[in-house]
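Subject: Structure handover and findings

Dear colleague,

Please find below the structure that I am handing over to you.

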Amino acid sequence: FISYKRYGEWTTWARDVFKPVLEDHLSMELGRKAEIFVDSRIEGNANWLPELCTIIAESRTMVPLFSKMYFGSAPCIKELYAMRHKETQLGMRLGVNTRGVITPARIHDGLENDLPGILRECCQMQTEDLTAYALTSLHRGSKQFLRFETAVKQWIPRSVVPAIRLADAHPFDQQWAVDLISGSFHDPGPADFSSTGFTDLS
């Protein structure tokens, strides 16, 4: 499950640049076709919520693409903390146990000091730095794309595959979907970046 802020050309970058590279190399690591969900519907669509909650509950891992716009989006934070609820129910990221099924990639720097305290736990997750490749002009065949693909290829066995194996060790519980649909999980809400020029926080 790729969780990302749908905005302008970043929607195309997530779906048409990042997802194919992640899918191809993850499939090679797993020895089978990787099924990766990318939501292309409009954020905030209430009719989509129950289906989305079920998909999150059934997903082995989540790859959120962290940026200021991500943390300023209520739907993105809801997706992230829906998966955090699943981790909590499985006893992940508690105490000295730092492992979980959320494997973030960072596509914009300068997050930690700008986030409210309640969201700073997100910066404590091991995050892959893809900021150098978060370019809407990134295209196949360029040297920068080669470096991007290499970075994703190396990241997958180090972080994404272990998260999938960790999820596989726990049977699916239908109660997760029930909890998410009913909203019975902790959702701190988005950060407010309006004073720094970000006005579209929906």
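A residue is termed buried when its relative accessible area is under 20%, exposed when that area is over 50%, and partly exposed in between. Please bear in mind that this is a predicted model. By the above cut-offs, Phe172 is partly exposed because its relative accessibility is 40%. Trp176, in contrast, has a relative accessible area of 7% and is therefore buried.

Aromatic pairs

A pair of aromatic rings is described by the distance of the centres and the angle of the planes. Across the whole structure, the search returned 11 aromatic pairs. One of them joins Phe66 and Tyr70, with a centre-to-centre distance of 5.6 Å and an angle of 50° between the planes, a tilted arrangement. Phe66 counts as buried, since its relative accessibility is 2%, and Tyr70 counts as buried at 0%. Phe172 and Trp176 form another pair: the ring centres are 5.8 Å apart and the planes stand at 85°, so this pair is edge-to-face.

There is also a cluster, linked through ring pairs, that comprises Trp10, Trp13, Phe18, Tyr133, Phe145, Phe148 and Trp155.

Helices α2 and α6

Trp176 also takes part in a helix contact, as a residue of α6 that meets α2. Helix α2 spans residues 49-58 and helix α6 spans residues 174-182; their axes come within 8 Å and cross at roughly 140°. The crossing of α2 and α6 is right-handed. On the α2 side, the residues in contact are Pro50, Cys53, Thr54, Ile56 and Ala57, while α6 contributes Trp176, Ala177, Leu180 and Ile181. Sorted by class, this contact between α2 and α6 holds 8 nonpolar residues and 1 polar residue, with no charged residues.

Individual residues

Two further sites may be of interest to you. Which residue lies over the face of Tyr4? That residue is Arg6, at 5.1 Å from the ring centre.

Is His25 buried or exposed? With a relative accessible area of 16%, His25 falls under the 20% cut-off and is therefore buried. Leaving aside residues up to four places away in sequence, His25 touches Glu149, Lys153 and Ile156.

Yours sincerely

Conventions:
Residues numbered from 1 in each chain as written. Predicted model: local features only at pLDDT ≥ 70, side-chain atom pairs only at ≥ 80, totals over all residues. Heavy atoms only, no water. Axes fitted to C-alpha atoms, helices over the stretch in contact; angles between N-to-C directions. Helix = DSSP H or I, 4+ residues; strand = E, 2+ residues; numbered from the N terminus. Left-handed = near helix turned anticlockwise from the far one by under 90°. Contact = heavy atoms within 4.5 Å. Nonpolar A, V, L, I, M, F, W, Y, C, P; charged D, E, K, R; others polar. Phe/Tyr/Trp six-rings, centres within 6.5 Å; stacked < 30°, edge-to-face > 60°. Buried < 20%, exposed > 50% of the residue type's maximum accessible area, 1.4 Å probe, protein only. Lys NZ or Arg CZ within 6 Å of the ring centre and 35° of its normal.
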